[in-house]
Amino acid sequence: MVPERSDILRDTTQQQQSASGLKFLWLTLVLIVIDQLTKQWVIRVFDLYESIEIMPYLNFTYVRNFGAAFSFLSEQGGWQRWLFTLLAITISVVLVIWLRRNPGHLWRQNLAFSLILAGAIGNVIDRLIYGYVIDFIDVYVNQWHWPAFNVADSAITVGAILMLVEAVFEPRRESQS
């Protein structure tokens with residue numbers, strides 16, 4: 001007996017809905033690898049504070065960030081390394097739990113969690129190995145420079161933006177249906 005098309009579609013839909021957000025961890029792993037490879041490249045190719053222009057408004061500049069975003073608490077003598085490491089590990093554990101509990105079809109939320117997880121782990125690796133985070137992407141206009149960042153920071157930012165977009169627009173979709 002050949003299954004009908006509607007049975008196959010129903011089974012496929014049930015499998016997709018029963019899968020968890022953990023299926024997005026492949027993206028987390030890929031981004032961690034890219035983050036660490038780019039940082040290793042920077043360490044090998046650049047001297048500290050060395051900068052090369054990539055294009056107008058964008059340089060690659062090797063800097064060390066002993067603090068958090070925007071070098072927050074970078075001048076505090078070292079204790080912040082462990083605070084930010086513990087905080088990132090805690091957030092990572094929470095994100096993995098959320099990914100496990102989230103249905104796989106909530107792809108926007110799972111994508112956001114996976115991006116933030118990748119960034120948190122990428123920067124934790126730096127803090128554990130070096131005691132600081134390696135940053136190198138330098139965006140600027142005239143003499144004003146945005147704080148340098150890296151692939152991990154970019155993943156966190158994009159993930160946070162996705163979460164905000166979903167929080168703003170997703171309730172509207174639910175109320176319309």
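In which helix do D35 and K39 both lie, and how many residues apart are they? Both belong to helix 2 (residues 25-45), where they are four residues apart, about one turn of the helix. This is a predicted model. The points below cover its salt bridges, strand pairing, nonpolar cores and a nonpolar surface patch.

**Salt bridges**

- A search of the whole structure finds two salt bridges.
- One of them joins D35 to K39, with the closest N and O atoms 2.8 Å apart.
- Another salt bridge brings together the side chains of K39 and D126, at 2.8 Å from N to O.
- This second pair links distant parts of the chain, since K39 is in helix 2 and D126 is in helix 4 (residues 107-130), 87 residues apart.
- Through these contacts D35, K39 and D126 are linked in a network of salt bridges.
- D35 and K39 are buried.
- K39 has a relative accessible area of 0%, under the 20% limit, and therefore counts as buried.
- D126 is also at 0% relative accessibility, so D126 counts as buried.

**Strand pairing**

- Strand 1 (residues 51-55) and strand 2 run antiparallel and are joined by four bridges.
- Among the paired residues, I52 has F60 in strand 2 as its bridge partner, and E53 has N59.
- Strand 1 and strand 2 make a hairpin with two residues between them.
- In the turn of that hairpin, Y57 has a positive phi of about 80°.
- Strand 2 also pairs with strand 3: six bridges join them, and the two run antiparallel.
- R64 has I134 in strand 3 as its bridge partner.
- Six of the eight residues of strand 2 are buried, which leaves the strand mostly covered.

**Nonpolar cores**

- The largest nonpolar core has 11 residues: V42, F46, L58, F60, Y62, Y132, I134, F136, I137, F149 and V151.
- Strand 2 (58-65) and strand 3 (133-141) are the elements that give two or more residues to this core.
- Another core lies apart from it and has six residues, including L31, I32, A118 and A155.
- In soluble globular proteins, nonpolar side chains tend to be buried together.
- I137, a member of the largest core, touches L58, N59, F60, P147, A148, F149, N150 and V151, leaving aside residues up to four places away in sequence.

**Surface patch**

- Y57, V139, V141, W144 and W146 form a nonpolar patch on the surface.
- Together these residues have about 510 Å² of accessible area.
- Y57 in this patch is the residue in the hairpin turn with the positive phi.
- W144, another patch member, is in strand 4 (residues 144-145).
- W144 has a relative accessibility of 51%, which is over the 50% limit, so W144 counts as exposed.

Methods
Residues numbered from 1 in each chain as written. Predicted model: local features only at pLDDT ≥ 70, side-chain atom pairs only at ≥ 80, totals over all residues. Heavy atoms only, no water. Patch = residues over 30% accessible without salt bridge, like charges linked within 9 Å, V, L, I, M, F, W, Y side chains within 5 Å. Areas by Shrake-Rupley, 256 points an atom, 1.4 Å probe, with all protein chains shown as cover. Salt bridge = Lys/Arg side-chain N within 4 Å of Asp/Glu carboxyl O. Buried < 20%, exposed > 50% of the residue type's maximum accessible area, 1.4 Å probe, protein only. Core = buried A, V, L, I, M, F, W, Y, C linked by side-chain atoms within 4.5 Å. Contact = heavy atoms within 4.5 Å. Pairing = 2+ DSSP bridges.
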